[in-house]
Amino acid sequence: MTRHLGINYNLDSVVIRLNLVELKKDEYTEFVKNNPYKSHFLQSYEWGELVKKERGLTPIYLGLKEREKIVGATLLLKKKLPLGLCYLYAPRGYVINFKDFTVLDKFTEEIVNFAKKEKAIYVKIDPDIVWKKENYKGEVTLEEAKDKKIYNELLRLGYKHLGFTKNFETMQPRFTFRIDLEQSMEEIEDHFSKTTKQRIAKARRLATKVEIGNADDLVTFYHLMMLTESRKDFVSYNIEYYKTLYQLFNEENKATLFLGKVNIPLTLEIIEKDREEVLEKIEALPKDNLSKSAKNKLKELTRQKDKLEEEIAKYKNYLQEYGEIVTLSAHLILEYGDKAWVLYAGNHNILTETYVNYNTYYEHLKFCKNRGLKIYDQFGTIGDLSPDNPRLGLHEFKKKFGGDYIEFMGEFDYVISPFYYFAFTKLVPIYRNIIKRRKKKELKNEIERD
């Protein structure tokens with residue numbers, strides 16, 4: 001059933017009627033995907049269907065129409081609560097031009113009225129409005145924080161800002177790295193750190209390979225995700241969640257699974273060839289009366305020989321244990337509109353010296369560039385860069401690829417029922433901690449079974 005809630009406003013002495021209506025898939029997708037202001041996979045129709053099936057939320061696809069023209073839209077995720085209550089969440093905010101306060105104000109009014117009819121205790125938004133952007137040199141190139149116009153307008157409308165968090169306390173990451181794909185590939189690579197360039201080169205020299213997988217490879221992807229989560233002390237989803245996600249977004253070829261592999265016999269051949277070259281250099285040195293420089297050279301070549309022999313022994317052991325081809329990295333990339341996100345990345349904890357993970361990132365970055373996309377989003381990092389932050393390593397890894405360091409404005413709640421809002425926001429964290437501990441235990445048991 002289509003729901004309408006109309007309002008009038010006067011613009012340049014012309015009375016315009018706006019109607020909030022539920023949109024069908026095609027018209028919703030057409031507006032959101034091609035919107036010049038907002039286009040995010042978290043506001044996609046597919047994401048709504050994913051959370052409906054895998055998280056039990058109810059997606060509602062709304063559009064604000066001026067006559068028959070859509071001027072704003074949003075995906076609202078409805079979470080049912082006891083007593084017939086609920087809350088509504090618009091991931092990454094409404095699909096509108098937030099700088100157009102006329103539309104923002106009226107859209108908010110419509111959403112609040114809609115929320116009251118749904119018995120929602122609050123509406124949450126976390127618009128992907130850039131609060132601050134730094135380039136790879138650390139220079140601030142964009143800063144909404146200076147004039148706070150949108151921020152102040154949201155407060156004036158009654159939204160409550162939940163603070164400038166620094167880690168992953170919010171529904172979606174408040175910080176990320178984004179690479180501008182409208183640069184040339186040469187410019188993009190020039191912004192890589194020196195070590196990143198070296199590690200990609202080493203991965204390629206060792207004949208590591210990055211392939212595009214299919215639905216059958218999700219089992220491998222899931223195994224690597226579990227290993228990654230176990231190491232980093234977090235828990236995400238079961239394999240059915242990933243299968244559903246892949247199926248929904250791959251209907252239009254917008255979900256791509258990249259597999260980073262090492263061919264152990266081939267890598268062994270390369271290392272053994274390197275050892276032979278070192279032995280030839282040692283053989284070429286004088287046998288007697290070595291000069292000081294020749295002695296130093298012999299010492300260095302002997303060190304290289306010993307290291308290569310250790311590598312050969314190690315790879316032979318890996319060959320016996322894992323077989324000839326080992327998948328070390330599995331990354332899932334989502335495309336929507338003109339952007340791509342590195343949504344999930346699972347990595348093995350063996351053969352890290354082959355730097356397959358770096359090469360996998362490099363290959364799907366090139367892939368997104370060749371697809372004609374404009375933005376490559378690494379989807380999540382931290383704002384707390386203190387040395388003891390356990391996620392600092394993740395931040396430093398993503399930073400090495402030279403993207404812009406983005407800080408978003410953060411979460412806002414429009415509170416409709418203060419009493420229930422207080423009760424819910426105090427009790428839910430306790431509940432989530434119980435669930436998290438349960439999932440960690442299940443994950444540990446599943447890894448032990450494997």
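User: Which residues have the most contacts inside the largest nonpolar core?

Analyst: In general, nonpolar side chains in soluble globular proteins tend to be buried together. A nonpolar core is a set of buried Ala, Val, Leu, Ile, Met, Phe, Trp, Tyr and Cys residues joined through side-chain atoms within 4.5 Å. Buried means under 20% relative accessible area, exposed over 50%, and partly exposed in between (1.4 Å probe, protein chains only). Here the largest such core has 51 residues, and Phe41, Trp47, Phe221, Leu245 and Tyr344 have the most contacts inside it. A second, separate core has 33 residues, including Ile60 and Phe98.

This is a predicted model: local features need pLDDT of at least 70, side-chain atom pairs count only at pLDDT 80 or more, and totals for chains, interfaces and linings use all residues. Residues are numbered from 1 along each chain as its sequence is written, and side-chain values use heavy atoms, with hydrogens and water left out.

User: What does Leu245 touch?

Analyst: Contact means heavy atoms within 4.5 Å. Not counting residues up to four places away in sequence, Leu245 touches Trp47, Leu50, Leu332, Leu334, Leu343 and Tyr344.

User: Is Leu83 buried or exposed?

Analyst: Leu83 is exposed, at a relative accessible area of 67%.

User: Which residues is Lys33 in contact with?

Analyst: Apart from neighbours within four places in sequence, Lys33 contacts Ser39, Glu252, Tyr336 and Gly337. With 21% relative accessibility, Lys33 is partly exposed. The C-alpha atoms of Lys33 and Gln43 are 8.9 Å apart, and these residues are 10 residues apart along the chain.
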